[in-house]
Structure formats: C-alpha cells, structure tokens
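Have the structure open as you read.

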Amino acid sequence: PIVKLKFIIKSGGGLETLSEKGAAQLLSYSNFAGVTNKSGLRLVRDLENVGAKFSSTVDREHITINITALPDSIEKAFETVSDIITNPVKSVYVVEDSRETAAIDYEAFSKSAEKQLDELIYEAAYGESSPLGSSIYAPKLSYVDSHSVLSYKSKHYKSGNTTISGVGISHESLKTLVETYLNKYPEGKTAITPSTYIGGDIKVKADFELKTYAAVAFYLKSNDSTSDVIYSLLDRKFNSLDLPKGTLTPFLKENTEGSLIGFYVTSSNTNVSEYLQQGITQLKSISNDSAGIDSVIKKVSLQKSLELDGEDTSKLLLGASLSSKPIEGLKVSSSKVINTVADLLKSKITYVILGRTAGTPSVSTINEWLK
C-alpha cells in the first residue's frame, strides 16, 4: 500500500494581477528549489531518502504539490512539504535558477497547438480579463519579475487557501500530521473574484504544418459524476469511428466554478467541418443510447470503487478548523445524463479555431448543427 497526498493551494494563475502575470507558474517550478530554512538540495534529498515521489503543478486556480510514499515514510515527506509551504522562498536567486526549467515549458507552449488551443478555450469561455479566462503564461518569461514571485507566495500560501487530500491515510492520521507540522502555517484566505461563463468564439490564424485545430466546449455548472460519464461516453463513441483524415477527442476540464466538457478536432481545414459535425452527432446520440449509458455508468462506478477500495480517504480544509470532506464515489443516473446532454445542446457554446482558419464553419453554423 502507498499513501498519496495532494497539497492544493489556491494560488493559481487566475489570482495574479496584471503585474504578477506568470508568477504562479514560476513559483510552482521554485517549490523544491529552496526555502529560508532548507536548501533545494536538502529538500529533494529529504524526499528521495524516504523513497517519496514528488511534483508541483499549476493551473488557473491552484498550485498543487503531489507526494506519494510508503505509509512508514509519509510523516517525513509531510514534514518536508510543510517546510516548503510555510517558509518563504530562500531568495531571488532561487527563482532565477528556476527560469531555465520554466523556459523549457514556455518554448514547448510556443510550438504546441494543443496547449495554445486550451488557452483559447478558457479565454473564449470566460473572457480574457477574468481569473479563469486569463492565461497562466506571461507574454514573455522575461516579463516575470522574480521579486513578484516571492511576494506572490507570501500572499497566497495561507491556511485558508489550502486543502490537503489523502488516499491511503485516515482522517485522524492526516489531522495529526497537520497539527504537528503546519501549526505555524500563516492564517488567512484570498478573496477570489468569480469567473462567469460567457461563451464565445475565437479564430486565430497560425502556421501549424497546414493543420486546423478546433474545439467545441459546453459549460456544466456542477462538478459531479455526470460529467465523467458523458466524457467516457464520448470517448467510447469517438474510438468506434473510422477517422483517417484527422482526430476527434473528448475533453473534460474541471474547475471550482463548474466544468467545460467538449471535444477537440485536428484535421485539414477542408475536413474540419466534417469532423466537427461528427462530434456533434455523437454527442446527440447519447440521448438515444440508454444501454450505452448504463454500461458506462457501471464502468466508471467500478473504476472509482477500485481506486478507493480498501483505502482510507479524506480531505482536510485547513481554513475551516480542519473540517473533513469525504472523497465520494459515483452518484449518477441514466436519466440525469440524458437531461444534461439535452441541456448542453441548448446552451451557449464555446468555439475555437486555431491554425488554418479559411473555410472553417462559423459559430452560427455550429449552433445550427446542435439543433
């Protein structure tokens, strides 16, 4: 058995001011690079010495530190992460040293149509001035001020912004670790401006080897298992198609304020209409596929049960007197899936085209296909 912990801190790119843009991402790269009481080498060795696997990721809402370790090593790993989140970054040079890693990501982003398409989806869905609609990337890495990264951490790494989730560890054991090692964690909570889904369309002409990348997204207000089932249904249906001229792939992007569910298309601009229509046709077909829905519900339910089988699971909300929130299994019915799909087809969509845009369908055409 192993223990998996996630330290989820509300400090993602969407919380940045204009002058801080890019700070969250650079801070995520700096998490294991050193704090005031331990060098980066010491932090990494402390984790490696107990066989822990570790990583730090960032999105629009959170920076997340992931730890996996054996049960008898998890306390030492927890102690090390507590050093990371409760102490300031060691100095500006630590941030500067992390730029090399960040530069690799920025370079990859500049060449990746898929990553740029994801940024455009959020911008079209929520508006570029909203927390969810703004990019996690600065226009250029050189624009990110290292001092702003230091202040960004001190502003957002607080107990009221932090949730710790665990698999393979009991609530009481996790609570004991928090009380032992996070008793000096600064208190406080960041006020977050809500992002309202507005929907919209964006077409950006770019050269990606003569290909067109497209996406159609729908907004789901609630984050429940219905979205998992719809995603799995789309995945099953798309995989059954013969698509020699491109790709058709579902996606599900979950956020605190709801989810975006939909599909990507990659093809030449002369075939993108056909693939977009095919994606919409498959989404519509879900409502007439009761047997398929029931089958996928059972499959997704089994997957979730296997993930949690025999495991203690818990979430601790640090800013709420260590209140516990259980990690729940699947709760969904076929009728709810059918009703949700019907609502999606009538909702305001997000539609994005990147690459060769000439001849691609308009958003009004997409809406006609959805009827």
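Buried here means under 20% relative accessible area, exposed over 50% and partly exposed in between, with a 1.4 Å probe and protein chains only. This is a predicted model, where local features need pLDDT of at least 70, side-chain atom pairs count only at pLDDT 80 or more, and totals for chains, interfaces and linings use all residues. Residues are numbered from 1 along each chain as its sequence is written, and side-chain values use heavy atoms, with hydrogens and water left out.

Leu276 sits in helix H9 (residues 272-285); helices are DSSP runs of H or I with at least four residues, strands are E runs of at least two, and both are numbered from the N terminus. Leu276 has a relative accessible area of 0%, so it counts as buried. Leaving aside residues up to four places away in sequence, it touches (heavy atoms within 4.5 Å) Ala214, Val216, Phe263, Val265, Tyr351, Pro361, Ile366 and Trp369.

Strand E13 (residues 350-355) is largely enclosed by the rest of the structure, because six of its six residues are buried. Its pairings (two strands pair if DSSP finds at least two bridges between them) look like this:

| Strand paired with E13 | Sense | Bridges |
|---|---|---|
| E7 (residues 200-205) | parallel | six |
| E8 (residues 212-220) | antiparallel | six |

Within these pairings, Gly200 has Thr350 as its bridge partner, while Val216 stands opposite Tyr351. Val216 and Tyr351 are also among the residues that Leu276 touches.
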